[in-house]
Amino acid sequence: MGKKEIVFQERMNRHHDELKWLYTELYGNSDMFAELCSQMYEYYKARKQKLHNRDAKRAEDPDWFRKKDMLGMMLYIDNFAGNLKGVREKLDYLKSCNVNCIHLMPFLDSPEGRSDGGYAVADFRKVKPELGTMEDLAELTDACHAKNMNVCMDFVMNHTSEDHEWAKRARNGEGEYMSRYFFYDSYDIPAEYEKTVPQVFPTTAPGNFTYLPEIKHHVMTTFYPYQWDLNYKNPRVFNEMMYNFLYLANQGIDVIRIDAVPYIWKELGTQCRNLPQVHTIVRMMRMIAEIVCPSVILLGEVVMEPEKVVPYFGTIEKPECHMLYNVTTMASTWHTVATHDIRLLKKQMDIVNGLPKEYVFLNYLRCHDDIGWGLDYPTLKSWGLEEISHKRYLNDFFTGKVQGSVSRGELYNDDPVTMDARFCGTTASMCGIESALYEKDANKLEEAVRTDLMLHAYMLVQSGIPMLYSGDEVGQLNDYTYKENPSKAVDSRYLHRGAFQWEAADKCKDTDTVEGKLFTTLSTLEKVRRTESVFDADANAYTYDVKDNSILAIIRMKEEERFLGIFNFSNETKTAWIQEEGTFKDLLTGKKFQMKDYVLPPHGFVWAKKVK
Ligand code: GLC
């Protein structure tokens, strides 16, 4: 046996029994399991030497992705730099943003106008021609690795586009391919499903099935009608999708974002979300990656309430995802912006801070999707706030309809039946930068910039990995031009998916501009974060009561080091009633002071460290 083969065998031996056990439990098919194992070896052999080296290096430092210098940015390739080659040319800009992990938003081949922002994949092995080729992708990941940057991509495994080869053959009536989806020749079973399965896009894509008149069948389409749900009860689907996963990993991808993971297993009579088999599949993926490409980590997209999210970490002995989005904290943050009441956010932070430190959350203010108001409603109810009316308040607030609200944005999937709606807009527009610029109101602008920075400073204090949304570093505003494009006009998420404004980035060093104020302060915060040990993954974090419900204070501690972050979520000057021994240093200005009854301007914040 050659050295390479031995390494593979060792890794396989470590996981073989459990992998076989889980596979057999789901599929009871030993031939297909044998095929999976032999294909894993093929993908292992096909992996480039540089990537094998990366695997070996990271095996010695398995916590590499939890380090305090990790800073992500998600971006659309076309919006940011035209194509993959363009992104490669802009890596220095990303470096100047302190970013060392880029999430390339979906770039695989998907039909124009029926792509759900690229989440309807027609070919898992082909890049959208206008963005480049697989070689361009591999060159980009290589260039990123040379600059100590990681690359994240989506693995959209719940569904394929209706233009995928399998879907086309299924539509032609080929049974082998129909069995890879959920096909029904009458509406009887779909009708049963509809009784228990909630809707993802109630207004833009109502219902969970689509009728295909040409073959007189209904096909399951949980998301858009052109996104056909894959049937993971079929081991062929699982195996082939795992081969696609390994193929993409072999292009030098470091982080695989498992899109819409809670949805991948369906059972009649259930909500078809978070079923136990989903965890079996994710656990198998984790082991497959650990055997073939162990430097690749899994980021689960679980946009659910906290009790549903945490199980996707698996257990310490049997881990599933390496990272999960801190979605409830994100939504609670914006709730706090609208209510000036930090109690819910504090409660949420206490829950997250109480979880094992092995759980790594990805923290963010905004992403490419809408904000669904997934808050802790039982707690809000105990404070007298009802779910429906509170959601309406939040949506009114962020669309700028509430007296005093400076936010601008639009509703998303406003559902007249459930009275539910979600929200779209960029961070800067939600913080009031758009309205202040429009009104040419310098005071408002100053406060809006302060709000934006305070929120970023707060986000960066959370334990886990911060992920910026491209454009936020220079305060990019809502982009209303999507309304002129018929294939985008119905989907208001395009409001915050505008082309990156390079003219804005040109001003990022000029602190007289909004762009420069945001960029330079953010940059300082990021640099402080990656140097101070209180931001280590194993530091302790707590909230701190400063006797004012609009001020959130967070302590981070590592050995003798003590850090305090204080954030004023109100639009008034406020005092944090606090008394701490010793002298503190403002980590942004270097100024030393006594931490006693600290006064913050409206939407102000401070990052301070105790001086020994
Ligand atoms: C995820 C993506 C979202 C997409 C959906 C369907 O939730 O974030 O943009 O619409 O999956 O693939």
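1. The structure, a predicted model, holds zero disulfides. A disulfide is a covalent bond between the sulfur atoms of two cysteines. For Cys97, the closest cysteine sulfur is that of Cys508, and the 7.2 Å between them is too far for a bond. Cys431 is likewise in no disulfide, the nearest cysteine sulfur being that of Cys367, 15 Å away.

2. Are Cys97 and Cys431 buried or exposed? Cys97 has a relative accessibility of 3% and therefore counts as buried. Cys431 is also buried, with a relative accessible area of 3%. The cut-off applied here is under 20% relative accessible area.

3. The ligand is surrounded by 13 residues, of which Asp116, Asp259, Glu301, His368 and Asp369 are the closest. By class, this shell comprises seven charged, three polar and three nonpolar residues.

4. The distance is 2.7 Å for a polar side-chain atom of Asp116 and 2.9 Å for one of Asp259. For Arg257, an N or O atom of the side chain is 3.0 Å from a ligand oxygen. On its own the ligand has 300 Å² of accessible area, and the protein covers 94% of it.

5. Helix α7 comprises 13 residues, 134-146. Buried residues of α7 include Met134, Asp136, Leu137, Leu140 and Cys144. After α7 comes Asn148, which has a positive phi, near 60°.

Conventions. Residues numbered from 1 in each chain as written. Predicted model: local features only at pLDDT ≥ 70, side-chain atom pairs only at ≥ 80, totals over all residues. Heavy atoms only, no water. Helix = DSSP H or I, 4+ residues; strand = E, 2+ residues; numbered from the N terminus. Expected span 1.5 Å × (residues − 1). Buried < 20%, exposed > 50% of the residue type's maximum accessible area, 1.4 Å probe, protein only. Near = heavy atom within 4 Å. Polar contact = N/O pair within 3.5 Å; in protein donor to acceptor, adjacent residues only side chain to side chain. Areas by Shrake-Rupley, 256 points an atom, 1.4 Å probe, with all protein chains shown as cover. Nonpolar A, V, L, I, M, F, W, Y, C, P; charged D, E, K, R; others polar. Disulfide = S-S within 2.5 Å.
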